[in-house]
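Subject: Structure for your review

Dear colleague,

Please find below the structure that I am handing over to you. I would be grateful if you could look through it alongside the notes that follow.

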Amino acid sequence: MKYVSTRGQAPELDFSGVLLAGLAEDGGLYMPQSWPVFSKEELRALRGLPYAELAARVIAPFVGDCIPFKELQAMCRRAYAGFGHAATVPLVQLGTSIFALELFHGPTLAFKDLALQLAGHLFEYVLAQKGERVRIVGATSGDTGSAAIEAMAGRANIDITILHPEGRTSEVQRRQMTTVTAKNVLNIAVKGNFDDCQDLVKAMFGDAPFRKEMGLSAVNSINWARIAGQIPYYVASALALGAPDREVAVCVPTGNFGNVLAAWVAKQMGLPIAKFIVASNCNDILTRFLNANDMSVRTVAESYSPSMDIGVSSNFERLLYAFVGSNAEETAAIMADFRVSGKMAVPEAAWRAVKCEFVGFTLDDPGTLAEIARTYRESGYLADPHTAVGLAAVRDCAPVGLPVIVAATAHPAKFPDAIEKAVGFRPALPPRLADLYERDEIFTRAPNDLAHIEGLVRAFAHRNMT
Ligand SMILES: *Cc1c(COP(=O)(O)O)cnc(C)c1O
């Protein structure tokens with residue numbers, strides 16, 4: 001399998017190449033040159049397989065001949081062995097045709113574990129093969145950092161440094177990062193906000209000599225391996241509801257558009273998904289786009305669903321590329337103009353085509369609390385604030401007569417404050433995390449200063465080399 005950049009000016013790479021590269025050199029995102037398609041017969045044959053086995057078979061065509069199938073199978077088994085549910089991604093019925101696809105049984109209680117746990121093994125394997133070492137550096141406001149740390153902790157040939165804004169993440173989120181004691185993990189609490197952390201990371205990547213000296217790498221949501229690791233759960237859940245012999249709809253609480261893009265890729269592979277419901281909080285750039293072709297940037301507002309607080313959905317570029325007929329030149333021009341103008345000029349024909357499959361929905365904070373309360377009252381089900389946005393979207397815009405799969409992206413115990421406001425009590429952490437508040441924390445405090453932070457990363461790297 002070959003991968004090409006959405007902007008057409010970067011070298012074609014194989015799976016190992018895109019895994020390590022993340023973003024393409026020309027600023028574009030890597031896409032497979034063609035979609036692997038499963039026949040109905042092949043899809044039916046996946047029914048009832050253990051999740052890790054199904055995941056290996058669905059991901060295999062994207063990996064191509066970079067990794068032998070037996071190795072990939074073993075990596076999938078190891079990646080999902082630590083999940084807190086025997087089904088890995090159980091499907092829970094909430095109404096006649098509404099099903100919550102629980103993606104939060106991994107170590108950090110959010111869906112990012114599904115892709116990142118596997119990515120940890122993929123990185124380790126590919127680095128050993130190439131005899132290389134990487135230093136992953138990232139900034140987090142909460143969820144991504146903990147999932148990346150859990151995925152990379154203890155993996156050979158990888159160091160990971162995560163910057164978080166001191167005192168500005170929730171206690172659960174901070175502890176999920178700072179209580180990981182593996183020696184290749186460095187947590188830095190920066191005096192500043194999330195944007196300061198992100199600027200520091202960008203500046204480290206922009207410092208070419210430092211970047212080269214350290215072998216910096218990233219595992220952010222534009223990495224194709226992240227998308228690939230999110231496709232199997234759509235296949236598993238749709239098969240459970242009757243696909244490929246019955247159409248389904250999918251509803252995804254969305255921020256960077258990575259999770260919903262994975263569902264769309266599953267459709268390209270042969271899964272009959274008739275509709276994609278894109279659920280957003282008050283940061284509604286995608287809803288404005290779908291309703292009125294208005295993809296214009298506004299300031300990001302804080303909400304009860306912080307992992308969806310985004311100004312621009314970076315993975316949308318992949319859908320844009322596909323809907324302008326895989327025309328990289330046109331995609332590059334649209335993105336260059338977007339960067340300058342802050343409004344994406346999506347061609348009318350492409351917008352109309354997207355609208356045939358995708359529908360947008362927005363919910364504010366009071367609506368989110370009301371939805372949590374209502375779902376709890378009607379089904380006894382406790383949805384986290386992100387999932388609640390999806391559930392409200394289904395009520396509002398689900399097509400009649402189709403089973404709808406709603407991605408339940410986080411465990412309610414990750415957001416106890418919002419849950420308490422909605423239903424009057426704080427949800428308990430699952431047993432395997434019950435002692436999180438008693439565990440020792442290890443982190444380094446640092447000023448918002450690039451030279452200082454680079455010094456910490458360098459000292460950490462040298463310590464781990466010896
Ligand atoms: C990251 C995240 C999202 C948004 O996913 P995208 O792939 O960025 O659209 C939604 N919910 C939770 C809990 C998340 O952590």
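**Threonine 179**

T179 is buried, because its relative accessible area is 12%, which falls under the 20% cut-off. Please bear in mind that this is a predicted model. T179 belongs to the loop that runs between α7 (171-178) and β7 (185-190). Which residues is T179 in contact with, leaving aside its neighbours within four places in sequence? They are L436, R439, D440 and E441.

**Helix α12**

Helix α12 spans residues 258-268 and is mostly covered, with nine of its eleven residues buried. The buried residues are G258, N259, V260, L261, A262, A263, W264, V265 and A266. An α-helix has 3.6 residues a turn, so residues three or four places apart point the same way. After α12 comes G270, which has a positive phi, near 120°.

**The cavity**

How many cavities of 30 Å³ or more does the structure hold? There is one. The space in the largest cavity comes to about 40 Å³. Its lining is made up of F38, L43, L46, V58, V235, A266 and M269. By class, seven of these lining residues are nonpolar, while none is polar and none is charged.

Yours sincerely,
A colleague

Methods
Residues are numbered from 1 along each chain as its sequence is written. This is a predicted model: local features need pLDDT of at least 70, side-chain atom pairs count only at pLDDT 80 or more; totals for chains, interfaces and linings use all residues. Side-chain values use heavy atoms; hydrogens and water are left out. Buried means under 20% relative accessible area, exposed over 50%, partly exposed in between (1.4 Å probe, protein chains only). Helices (H or I, at least four residues) and strands (E, at least two) are DSSP runs, numbered from the N terminus. On a 1 Å grid over the protein atoms alone, a cavity is a set of points where a 1.4 Å probe fits but cannot get out, and a pocket is an open set with protein on both sides within 12 Å along at least five of seven lines; lining residues have an atom within 4 Å of a point. Grid points are joined across faces, edges and corners, and a volume is the space filled by probe spheres set on the points. Ala, Val, Leu, Ile, Met, Phe, Trp, Tyr, Cys and Pro count as nonpolar, Asp, Glu, Lys and Arg as charged, and the others, Gly among them, as polar. Contact means heavy atoms within 4.5 Å.
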